[in-house]
Every structure is written in structure tokens, then in C-alpha cells.
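I opened the notebook to record a few look-ups on packing in this model. The entries follow in the order in which I made them.

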Amino acid sequence: MFSANLSASILRICEEQNLTYKRVCDYCGVSLRHFENIVAERASPTIRIFEKLCYGLNVTPDELLLPKNTFYHFSCCFTPSAPLPFSENLSASLRRICREKGLSCALASEYCDICSEYFGRIVRGKASPTILTLEKLCLGLGAAPNQLLLPAGLEIAG
């Protein structure tokens, strides 16, 4: 679901803002070939590449990954002055959610259908998961992309 929504969102943004793929790649700092593979759903970007896409296009994670009619428009939640450390925020968010729900990493990894060792590496900030893994984390923990990738408190602004 996230890959298809990402592709559709990028295509919509390109059309609305009259952007070429090359211009988007320049804004985002990603290679044209990789970008084309993401748009064609032949590649799943890592969180680091996804962060570049959000930053370059000035959109939130929810705006790129969720269907247009389901994400909330935040008036002040995303400031593109510097890239957001999505990987660090993901690690902190996973620790916070596990603590709040009383889940061990092993149990949380089961809910997310992710190997416990890999889940642990994500929690420790030692792995940069793909959008496919982010989707599993969101579904397993009942969280939106903004809740996992943006700093705590920022995703509820507006």
C-alpha cells in the first residue's frame, strides 16, 4: 500500500507543481534512476531516501504514504529548514510506543511481522528500514507514518 501511495503522491505533486523527474531529483538529492524505480514501484526507498523525498518536496510522511483523503493537513508540523532525522525519530518512537503499550521488543516485532533481531536493530538506530518495513511497523503498532518519523509532539500540531 505505501509503495503505491508513494508513487501516486509523487506523480500528483509533479503534475500539480509542473515538476520534471530531474527537477525533483535535484531538489531531493537522489539519483534519477533510483527515483524512476521508486515511482514505478520497482524499488522501495530506505527511510534515509524517503526523508530526502519529504524534505525536497516539502511534504510530511503521511502526505506521501497515505491516500490523499486520509492524511491530515498540518499547518505548522513540517519545517524544511533542515532534514529531519527520520531514523533517529523512528528509533525513539518505537521505544516510546513499546513502553506505552507495555510491549517487549520481541512481542512488538511479532505484531509487526518483522524478525526480532531486525526490529532490535531498527530500535537501536542501526538499520535503515525500507518503506515496506515502515508499513509493517505502522500496521503492527497502529501508528501513522508521521507518528513514527516526526519528532514526538510534532505530528499532532495544527
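I looked up Leu64 and, leaving aside its neighbours within four places in sequence, found it in contact (heavy atoms within 4.5 Å) with Asn5, Leu6, Ser9, Ile10, Ile13, Phe50, Leu53, Cys54, Leu57 and Val59. I note that this is a predicted model, in which local features need pLDDT of at least 70 and side-chain atom pairs count only at pLDDT 80 or more, while totals for chains, interfaces and linings use all residues. Residues are numbered from 1 along each chain as its sequence is written, and side-chain values use heavy atoms, with hydrogens and water left out.

Next I checked Ser7, which lies in helix α1 (residues 2-16) and is buried, with a relative accessible area of 5%. Not counting residues up to four places away in sequence, I found that Ser7 touches Ile38, Val39 and Glu41.

Last, I examined helix α6 (residues 86-101) and helix α8 (residues 116-123), whose axes (lines fitted to C-alpha atoms over the stretch in contact, with angles from 0 to 180 degrees between N-to-C directions) come within 8 Å and cross at roughly 115 degrees. The two helices, α6 and α8, are therefore roughly perpendicular to each other, a term that covers 65 to 115 degrees.

Technical notes:
Helices (H or I, at least four residues) and strands (E, at least two) are DSSP runs, numbered from the N terminus. Buried means under 20% relative accessible area, exposed over 50%, partly exposed in between (1.4 Å probe, protein chains only). Angles under 35 degrees count as roughly parallel, over 145 as roughly antiparallel, 65 to 115 as roughly perpendicular and the rest as oblique.
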